[in-house]
Amino acid sequence: MAASGRSTGDWARYWRAADQPLEAMHAHFERHVYHRHSHDTYSLGVTDVGAQSFTCRGAAYTSAAGMVMAFNPDDPHDGQATDGDGFTYRMIHIGPALVSRVLADAAGRPARLPLFAEPVLSDPVLAARLRDLHRGLLGGATTLRRDELLAAVVLAGARQAGTRPGTSALTAESVPADARRVARRARDLIAGRRLDDLTADDLAAVTGRSRFAVHRAFTHVYGMAPGDYQRQLRLREARSLIAAGRPISEAAALAGFADQSHLSRWFIRSYGVTPGNYQRAAVQRSA
């Protein structure tokens, strides 16, 4: 995607598996600022150079060189360089079903999905495993080797994380039960009608609460406003369509964006890569 060996400016290189929910990104950012977003995968990264600052779960964090970033599925976060020198990092996105399969294989029985208590870890072993997998993915490792490296990452990560059965990574247990119910009803409506032009009144009607109460509950429980969540769902749909080879303009329309430019702006802000570069990475892996 971007020039190898380049040490200044913003660049990113992306890899996507054609046969399973597994993606890798290698990037250097100085100017790019991630808009608050989330992934439906585990997102594990290592900062190689510099430092990245971000907010997640209501707190501010910094990942310096050698540290691991560990986001649970649907953990809203943003991100930017801590200083003018920028940062270089490796990120791997692993689908929950893939994590579950690896853990079940290792345990010989179904295993609960792990949840990371903190989004920044100091774990040299996990960092080394992530680097090995990342190099294997972007370096064209065989499928067998890729599976071995992936298992090493998942098992090392699981040792760092705990399990909380039935608890969403987004839902704080300290949130009042009524607020969780309101947020969940609003979320269900948005998920079921993500392409519709919903209004704050629609959310108020389905929850039986005021527009302000719904907004406050939703933001508190899920870490982003209802409008941001709806756009996140549309981005995920567009991303799937683009990876499947659909024309970007068509993916934009089908996912509910005004046009291709509208999609591209938000795609870059959320994922740090253009839709075209993301699609080329997906097509290359499918070839």
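Student: Let's start with Arg239. Is Arg239 buried or exposed?
Tutor: Arg239 has a relative accessible area of 9%, so Arg239 is buried. Buried means under 20% relative accessible area, exposed means over 50%, and partly exposed is in between, with a 1.4 Å probe and protein chains only.

Student: What kind of model am I looking at?
Tutor: This is a predicted model: local features need pLDDT of at least 70, side-chain atom pairs count only at pLDDT 80 or more, and totals for chains, interfaces and linings use all residues. Residues are numbered from 1 along each chain as its sequence is written, and side-chain values use heavy atoms, with hydrogens and water left out.

Student: Back to Arg239. Where is Arg239 found?
Tutor: In helix α7, residues 226-243. Helices (H or I, at least four residues) and strands (E, at least two) are DSSP runs, numbered from the N terminus.

Student: Which residues does Arg239 touch?
Tutor: Tyr14, Glu23, His39, His93, Phe267, Tyr271 and Tyr278 are touched by Arg239, leaving aside residues up to four places away in sequence. Contact means heavy atoms within 4.5 Å.

Student: What joins the side chains of Arg239 and Tyr14?
Tutor: A polar contact of 2.7 Å. That term means a pair of N or O atoms within 3.5 Å; within protein, one must be able to donate a hydrogen and the other to accept it, and residues adjacent in sequence count only if both atoms are side-chain atoms.

Student: New topic. How many salt bridges are in the whole structure?
Tutor: A search finds 16. A salt bridge is a side-chain nitrogen of Lys or Arg within 4 Å of a carboxyl oxygen of Asp or Glu.

Student: Which residue does Asp48 pair with?
Tutor: Arg90, with the closest N and O atoms 2.7 Å apart. This pair links distant parts of the chain, 42 residues apart: Asp48 is in strand β4 (residues 42-56) and Arg90 in strand β8 (residues 87-94).

Student: How accessible are those two?
Tutor: Asp48 counts as partly exposed because its relative accessibility is 21%. Arg90 has a relative accessible area of 16%, so Arg90 is buried.

Student: And which residue forms a salt bridge with Asp74?
Tutor: Arg236, and the closest N and O atoms are 2.8 Å apart. Asp74 sits in the loop between β6 (68-71) and β7 (77-81), Arg236 in helix α7, so to speak distant parts of the chain, 162 residues apart. Asp74 and Arg236 are both buried.

Student: What about Asp132 and Arg135, how far apart are their closest N and O atoms?
Tutor: 3.7 Å, in another salt bridge. Asp132 and Arg135 are separated by about one helical turn because they are three residues apart in helix α2 (residues 124-138). Asp132 counts as partly exposed because its relative accessibility is 35%. Arg135 is also partly exposed, at 45%.

Student: Stay on α2. How many residues does α2 have?
Tutor: 15, and α2 reaches 21 Å from its first C-alpha to its last. That is close to the 21 Å expected at 1.5 Å a residue. The expected span is 1.5 Å times one less than the number of residues.

Student: What caps its N-terminal end?
Tutor: Asp123 caps α2, with a side-chain oxygen 3.1 Å from the backbone nitrogen of Val125.

Student: And what follows α2?
Tutor: Gly140, whose phi is positive, near 80°.
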